[in-house]
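Take each label in turn.

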Amino acid sequence: MESETIRQFNLVESRFGAILGKASIKDQRIKTYVIRKIYVLRFERHMIRVIFTYYNNDKGWILNAFKWDNNYLP
């Protein structure tokens, strides 16, 4: 997943320009075992939403899902 993400983001940067900044949009929780963090990345020519979902398996937190798209408004 890491190598594919790096490859994809290299393509994004060549198309959308340099990253101008990021903003944390929302944190969602299910009790103490799921956290979803939503961010927006601003580029010179576009924005994308990035979603990280973490799961606590009682031994620690693991990245359970990672998604990025251009649906940055609800």
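Q: Why is Asp58 called exposed?
A: Its relative accessible area is 74%. Exposed means over 50%, buried under 20%, and partly exposed in between (1.4 Å probe, protein chains only). Asp58 is therefore exposed.

Q: What kind of model do these values come from, and what is left out?
A: The model is predicted: local features need pLDDT of at least 70 and side-chain atom pairs pLDDT 80 or more, while totals for chains, interfaces and linings use all residues. Residues are numbered from 1 along each chain as its sequence is written, and side-chain values use heavy atoms, without hydrogens or water.

Q: Where is Asp58, and what stands out in its backbone?
A: Asp58 sits in the loop between strand 3 and strand 4. Its phi is positive, about 70 degrees, although Asp58 is not a glycine.

Q: How do you know whether Lys31 is buried or exposed?
A: The relative accessible area of Lys31 is 67%. The cut-off for exposed is over 50%, so Lys31 is exposed.

Q: What makes up the fold, and in what order?
A: The chain has 1 helix and 4 strands. Along the sequence the pattern is α-β-β-β-β. Helices (H or I, at least four residues) and strands (E, at least two) are DSSP runs, numbered from the N terminus. The C-alpha atoms fill a box of roughly 40 × 30 × 15 Å along the principal axes.

Q: What makes Arg49 count as buried?
A: Arg49 has 19% relative accessibility. That is under 20%, so Arg49 is buried. Arg49 lies in strand 3 (residues 47–56).

Q: Why do Arg49 and Asp69 count as a salt bridge?
A: Their side chains meet at 2.7 Å, N to O. A salt bridge needs a side-chain nitrogen of Lys or Arg within 4 Å of a carboxyl oxygen of Asp or Glu, so the pair qualifies. It links distant parts of the chain: Arg49 in strand 3 and Asp69 in strand 4, 20 residues apart. Asp69, at 13% relative accessibility, is buried.

Q: What joins Arg49, Lys67 and Asp69 into one network?
A: Asp69 and Lys67 also form a salt bridge, at 3.5 Å, N to O. Salt bridges that share partners put Arg49, Lys67 and Asp69 in one network. Lys67 is partly exposed at 45%.

Q: How many salt bridges does the structure hold, and which one involves Lys37?
A: The structure holds 4. One of them pairs Lys37 with Asp27 at 3.1 Å, N to O. Lys37 is in strand 2 and Asp27 in strand 1, so the pair ties together parts 10 residues apart in sequence. Both fall in the partly exposed range: Lys37 at 25%, Asp27 at 45%.

Q: What makes Thr53 and Arg36 a polar contact?
A: The two side chains are 3.2 Å apart. A polar contact is a pair of N or O atoms within 3.5 Å; within protein, one must be able to donate a hydrogen and the other to accept it, and sequence-adjacent residues count only if both atoms are side-chain atoms. The pair is therefore a polar contact. Thr53 lies in strand 3 and is buried at 10%.

Q: Which residues form the largest nonpolar core, and why is it called a core?
A: Phe9, Val12, Phe16, Leu41, Phe43, Ile48 and Val50 make up this core, 7 residues in all. A nonpolar core is a set of buried Ala, Val, Leu, Ile, Met, Phe, Trp, Tyr and Cys residues joined through side-chain atoms within 4.5 Å. Helix 1 (2–16), strand 2 (34–43) and strand 3 each give two or more residues to the core. Helix 1 gives the most, with 3.

Q: Which residues does Phe9 touch?
A: Beyond four places in sequence, Phe9 touches Leu41, Phe43, Ile48, Phe66 and Trp68. Contact means heavy atoms within 4.5 Å.

Q: Why is His46 called partly exposed?
A: His46 has a relative accessible area of 24%. That lies between the 20% and 50% limits, so His46 is partly exposed. His46 is in the loop between strand 2 and strand 3. Leaving aside neighbours within four places, His46 is in contact with Phe16, Leu41 and Asn70.
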